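Have the viewer open as you read.

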Amino acid sequence: MAISSSLSLSWVSTTIPDKFQLTLPNHNNELPRATTTAYFSSKNITCSAEPASMDESHCKRRPLLLGVGALTTSLLQASSLFAEEIPEKYRAFVDKVDGYSYYYPYDWRDFEFRAHDSAFKDRYMQLHNVRVRFLPTNKTDIHELGPMEEVVSDLVRYKLASPNQYATIFGMQEKNIDGKNYYTVEYGLQTPNFATNSFATVAIGNGKFYTLIVVANERRWKRYRDQLKVVADSFRMLDI
């Protein structure tokens, strides 16, 4: 990936921290080549199962160490983690220790979300956020859990929805990028008081079951859906 000479020098170091944010100029918004299979449906699920355990101390989020990228040898090495340039108005979060990365809107700020390793939210719309968590697993690929439709339905019903929430699955997608498999689902959760829509991307690698969720208020979903889909599609597992 070519790096434009227009990058501003705002920070210089000979090393790159294990977790950092990276911003690079965008020229063509091209996505990496990937094998993608998409399934779209409208599946309603009434969830009465107990929610997933939140006792995951090993997933405690550590502070971000770098706010703005710099043109140094180490940063050029870090930028090579991405097969495409960072889209305009997005930043990249890279966790070299836990082995994952993703994009988030450039004006979002990091915050603490219980039992999650990293999280960012909109400054003004509190329900707009993205977060990542992971659990240890002896599986090596998401395919080992079963067919996508079965895995995604169980994920939404037993892990992502709280008891008595009404869940609707709008569509699901399978991707293979650099030999790594990912499932992404678009779904809605509704209670008597409020409703949200979300994307969730799940994958297995590095001995971890990763889950990225990006969510917004249902009333604003139509307006922000495309922006949040970029976040969901950007999740990558890194070799560690």
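Is Asp 226 buried or exposed? Asp 226 is exposed, because its relative accessible area is 58%; the cut-offs here are under 20% for buried, over 50% for exposed and partly exposed in between, with a 1.4 Å probe and protein chains only. Before going on, note that this is a predicted model, where local features need pLDDT of at least 70 and side-chain atom pairs count only at pLDDT 80 or more, while totals for chains, interfaces and linings use all residues. Residues are numbered from 1 along each chain as its sequence is written, and side-chain values use heavy atoms, leaving out hydrogens and water.

Asp 226 has a partner: Arg 225 forms a salt bridge with it, the closest N and O atoms being 3.7 Å apart. A salt bridge here is a side-chain nitrogen of Lys or Arg within 4 Å of a carboxyl oxygen of Asp or Glu. Arg 225 counts as partly exposed, because its relative accessibility is 25%.

The structure holds five salt bridges. One of them joins Asp 233 to Lys 175, with 3.4 Å between the closest N and O atoms. That pair links distant parts of the chain, 58 residues apart, with Asp 233 in helix α3 and Lys 175 in strand β8; helices (H or I, at least four residues) and strands (E, at least two) are DSSP runs, numbered from the N terminus. Both Asp 233 and Lys 175 are buried.

Gln 173 lies in strand β8 (residues 166-177) and counts as buried because its relative accessible area is 17%.

Now for the nonpolar side. The largest nonpolar core has 29 residues; such a core is a set of buried Ala, Val, Leu, Ile, Met, Phe, Trp, Tyr and Cys residues joined through side-chain atoms within 4.5 Å. Helix α3 gives the most to this core, with five residues. Leu 228 is among the residues with the most contacts inside it. Not counting residues up to four places away in sequence, Leu 228 touches Trp 108, Phe 199, Val 214, Val 215, Ala 216 and Trp 221, where contact means heavy atoms within 4.5 Å.
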